[in-house]
Amino acid sequence: MAKKLGIARLLGMTFGAALAASLAYADDAPVSMVLMTTPKNDDEIRMIDNRLMSPHPGYHAELLQDAGKRCHLNVQLRFAPWQRALLEVKNGNTDGAFSASYDTERAAYGAYPLTAKGQPDRNRALKDYSYSLYAPISSLTQWDGLAFRSTNAQKVAVERGASIIPKLNELGIDHVEIADNTTMLRMLANNRVAAAVLMTSAADAILAESPELASMVQKHQPPIEEKVGYVILSRHFQARYPQHAECFWNTIAAIRGSAAYAARIEFYRDNK
């Protein structure tokens with residue numbers, strides 16, 4: 001209990017100081033910012049009945065909301081399959097999505113935090129993450145970090161619109177795009193696909209909550225690809241609120257680098 005109170009006090013002091021140091025915006029109502037991501041239930045984003053849990057919605061949910069407060073933004077999170085989330089950003093129907101790795105196609109319609117040289121600024125990213133290969137425990141599927149081999153003629157499942165797809169094409173892996181991670185893992189357990197390539201943290205969280213599913217699926221090492229995930233903003237939002245956008249990305253970096261954020265992650269890991 002004392003440990004939890006200490007963490008809570010540290011978080012309160014750090015983010016209280018962040019609010020006090022916020023940009024000197026006018027006394028207008030906060031700017032609304034709607035960010036989309038895929039439905040999930042892990043330490044980053046905790047959901048129940050398609051809504052954020054309260055009072056502990058996940059450390060990424062808290063980070064984004066805290067960054068919003070400091071930058072005079074009212075951050076709202078909404079959930080949809082990833083391809084739809086990116087399409088909403090592209091069409092200007094939502095203000096941003098997370099976490100999006102950088103590629104030139106997305107950069108044509110969405111704004112990333114950039115360095116002075118115009119390159120994606122890894123220091124202002126939301127997270128580092130990876131994609132891993134999962135297969136039935138009983139299968140002869142192999143992945144050695146260079147090549148994928150399987151005696152199963154079925155395709156490999158991957159999330160629709162995922163940034164790992166070009167890598168799968170490069171490796172010559174015949175794949176089928178599926179809407180969500182849980183569906184892919186169930187298909188895997190029922191031998192409806194040869195394997196599945198999923199975001200490692202998301203898949204591991206699902207398997208941790210489902211021992212029966214976990215007993216039928218194994219993760220292959222090493223990860224297929226390591227990536228960096230950003231909050232990508234719509235061009236419309238960035239053009240209308242350039243100061244808010246820069247403040248938001250800068251504050252994400254400041255929070256991620258703080259001792260309080262490390263304590264927050266520890267709190268979530270200790271309180272499943």
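Analyst: Helix α6 spans residues 181–189, and its buried residues are N181, M184, L185, M187, L188 and A189. Buried means under 20% relative accessible area, with over 50% called exposed and partly exposed in between (1.4 Å probe, protein chains only). Helices are DSSP runs of H or I with at least four residues, strands are runs of E with at least two, and both are numbered from the N terminus. This is a predicted model, in which local features need pLDDT of at least 70 and side-chain atom pairs count only at pLDDT 80 or more, while totals for chains, interfaces and linings use all residues. Residues are numbered from 1 along each chain as its sequence is written, and side-chain values use heavy atoms, with hydrogens and water left out.

The N-terminal end of α6 is capped by D180, which has a side-chain oxygen 3.2 Å from the backbone nitrogen of T182. After α6 comes N191, with a positive phi near 60°.

Elsewhere, the structure holds 1 disulfide, a pair of cysteine sulfur atoms within 2.5 Å. The disulfide joins C71 to C247, with an S to S distance of 2.0 Å. C71 sits in the loop between α2 and β4 (73–79) and C247 in helix α10 (residues 242–256), so the pair ties together parts that are 176 residues apart in sequence. The torsion about the S-S bond of C71 and C247 is about -80°, so this disulfide is left-handed. Both C71 and C247 are buried.

Technical notes: Polar contact = N/O pair within 3.5 Å; in protein donor to acceptor, adjacent residues only side chain to side chain.
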